[in-house]
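Let's take a walk through this fold together, moving from strand pairing to packing. Have the coordinates open and follow along.

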Amino acid sequence: MNQRARIAMSDDEVAAFLEEARKLQLATINPDGTPHLVTMFYGLDEGRIAFWSYAKAQKVRNIERDPRVSCLVEAGADYNELRGILLYGQAERVDNLMDIGMLVARRMTPGVADELLLPYVEQTGRKRVAYVVERTKVVSWDHRRLT
């Protein structure tokens, strides 16, 4: 078995890793073709990465023009601890804004009751749009397997 195959995560491990992480780096494509990279809190909607953003944000303008995105979720400080998932896909705008907002808010503030999060989600949701990422490819690694 080659090293790449040895460190790849199974589908179940990918799902568990996405469930436990809180933030990702979202890459979209600027009008001039350069990458636009931002760190975002996210939620999971039926296993799909879900996020929201202010409607006027650069990432939203980029996605509306070209829905291709990359999402990087990683953990670990030292080489032998590195774990990550690079997910390629298409960002699809969805109508369930409040649901996505609550998913994201729960990740931002673990343990806070929904009734305390709802006013924030309702207030900020007025100027936001929500997306889910339909996966086209997933690359994963877990360097803890190298030891």
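How many bridges join strand E3 to E4? Three bridges join strand E3 (residues 43-45) to E4, and the two run antiparallel. Before going further, please note that this is a predicted model, in which local features need pLDDT of at least 70 and side-chain atom pairs count only at pLDDT 80 or more, while totals for chains, interfaces and linings use all residues. Residues are numbered from 1 along each chain as its sequence is written, and side-chain values use heavy atoms, with hydrogens and water left out.

A word on terms: helices (H or I, at least four residues) and strands (E, at least two) are DSSP runs, numbered from the N terminus. Two strands pair if DSSP finds at least two bridges between them.

Back to E3 and E4. Gly 43 stands opposite Ala 50 in E4. The hairpin of E3 and E4 has two residues between the strands, and Glu 46 takes a positive phi near 55° there. On to the next partner: E4 is joined to E7 by five bridges, again in an antiparallel arrangement. Within that pairing, Phe 51 has Tyr 131 of E7 as its bridge partner. Five of the seven residues of E4 are buried, so this strand is largely enclosed by the rest of the structure. Buried here means under 20% relative accessible area, exposed means over 50%, and partly exposed lies in between (1.4 Å probe, protein chains only).

Stay with Phe 51 and Tyr 131 for a moment. A search of the whole structure finds one aromatic pair. Phe 51 and Tyr 131 form this pair, which is stacked, with 5.5 Å centre to centre and 25° between the planes. Because Phe 51 lies in strand E4 (residues 48-54) and Tyr 131 in strand E7 (residues 128-142), the pair ties together parts that are 80 residues apart in sequence. For reference, rings of Phe, Tyr and Trp (its six-membered ring) pair if their centres lie within 6.5 Å; planes under 30 degrees apart count as stacked, over 60 as edge-to-face and the rest as tilted. Phe 51 is buried at 2% relative accessibility, and Tyr 131 is buried at 1%.

The charged end of Arg 107 sits over the ring of Tyr 42, 4.6 Å from its centre, and that of Arg 128 sits over the ring of Tyr 54 at 4.1 Å. The criterion is NZ of Lys or CZ of Arg within 6 Å of the ring centre and within 35 degrees of the ring normal.

Now turn to E5. Strand E1 (residues 23-29) and strand E5 (residues 68-75) pair in the antiparallel sense over three bridges, with Ser 70 of E5 as the bridge partner of Ala 27. E5 also pairs with strand E6 (residues 83-94), antiparallel and over eight bridges; there, Val 69 is partnered by Gly 89 of E6.

What does the interior look like? In soluble globular proteins, nonpolar side chains tend to be buried together. A nonpolar core is a set of buried Ala, Val, Leu, Ile, Met, Phe, Trp, Tyr and Cys residues joined through side-chain atoms within 4.5 Å. The largest one has 24 residues, and those with the most contacts inside it are Leu 18, Leu 24, Tyr 42, Ile 49, Phe 51 and Cys 71. Helix H2 (11-20), E1, E4, helix H3 (58-65), E5, E6 and E7 are the elements giving two or more residues to this core. Apart from it lies another core, of 12 residues, among them Val 94, Met 102, Ala 105 and Ala 130.

Finally, look at helix H5 (residues 114-125), where Leu 117, Val 121, Thr 124 and Gly 125 are buried. Seen down the axis of H5, the buried residues fall within an arc of 95°, so they line one face of the helix; the arc is that of the directions from the helix axis to the C-beta atoms. Glu 115 and Leu 116, on the other side of H5, are exposed. The cover over the buried residues of H5 includes E4, helix H4 (97-108) and E7, where contact means heavy atoms within 4.5 Å.
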